[in-house]
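Visitor: I would like to learn how to read a protein model, one feature at a time. Could you take me through this one slowly?

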Amino acid sequence: MDTLAFWVIPLGVIGVLALFVRLLRTMYRDGRLDPADLQAARSAQLLPLVVLVVVLLGEILLFEGIGLPVAAIPLVIGVTALLGIAWAVERARRAVRRARFATSREGRTADS
């Protein structure tokens, strides 16, 4: 179990960092940060983070009841946390892109 945790968690962290860099590149696309983009990203991250907290609390309560081997607990919690963070970051990136698309469509409609 230790060998599996040794590779899964660092690879997951690298994956989350790659998603975070994609989010930053999307938010700073034109060289500056638009407050509307930041607000869209923050709003989109709320649901995944609340779900993540509830799932992690459920896992902790479950581990107390079933007596899982101690070595497996950090692996399960780590993978769950990384998946939740990846979901939140990717959802934020998509929200920023959607907000920009909606803004650009409004501008084109007003010009026509």
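Visitor: Which residues make up the largest nonpolar core?

Guide: Before I answer, please note that this is a predicted model, in which local features need pLDDT of at least 70 and side-chain atom pairs count only at pLDDT 80 or more, while totals for chains, interfaces and linings use all residues. Residues are numbered from 1 along each chain as its sequence is written, and side-chain values use heavy atoms, with hydrogens and water left out. In soluble globular proteins, nonpolar side chains tend to be buried together. A nonpolar core is a set of buried Ala, Val, Leu, Ile, Met, Phe, Trp, Tyr and Cys residues joined through side-chain atoms within 4.5 Å, where buried means under 20% relative accessible area, exposed means over 50%, and partly exposed lies in between (1.4 Å probe, protein chains only). Here the largest such core has 10 residues, namely Val16, Leu19, Leu23, Met27, Ala41, Leu82, Ala86, Val89, Ala92 and Val96. Helix 1 (2-27) and helix 3 (72-111) each supply at least two residues of this core, and the largest share, 5 residues, comes from helix 3.

Visitor: How many helices and strands are there in the chain?

Guide: Helices (H or I, at least four residues) and strands (E, at least two) are DSSP runs, numbered from the N terminus. This chain has 3 helices and 0 strands, so that its elements, read from the N terminus on, run α-α-α. The radius of gyration of the chain is 19 Å, well over the 13 Å that the globule rule gives for 112 residues, so the chain is more spread out than a compact globule. That radius is taken over C-alpha atoms, and the globule rule is 2.2 Å times the number of residues to the power 0.38. Along its principal axes, the C-alpha trace spans about 65 × 25 × 20 Å, and 26% of the 112 residues count as buried.

Visitor: Is Leu82 buried or exposed, and which residues does Leu82 contact?

Guide: Leu82, whose place is in helix 3, counts as buried at 17% relative accessibility. Contact means heavy atoms within 4.5 Å, and, leaving aside neighbours within four places in sequence, Leu82 is in contact with Ile9, Gly12, Val13 and Val16. Leu82 and Ile9 are 73 residues apart along the chain, yet their C-alpha atoms are separated by 8.1 Å. Another member of the core, Leu23, touches Gln45, Val89, Ala92 and Arg93, not counting residues up to four places away in sequence.

Visitor: What does Asp37 contact?

Guide: Asp37 is found in helix 2 (residues 35-66) and is buried, with a relative accessible area of 3%. Apart from its neighbours within four places in sequence, Asp37 is in contact with Met27, Val96 and Arg100, and of these Met27 and Val96 belong to the largest nonpolar core.

Visitor: Where does Ile66 lie, and is Ile66 buried or exposed?

Guide: Ile66 lies in helix 2 and is exposed, with a relative accessible area of 52%. Ile66 and Met27 are 39 residues apart in sequence and 44 Å apart in space, C-alpha to C-alpha. Val53 also lies in helix 2, and Val53 is partly exposed, with a relative accessible area of 47%.
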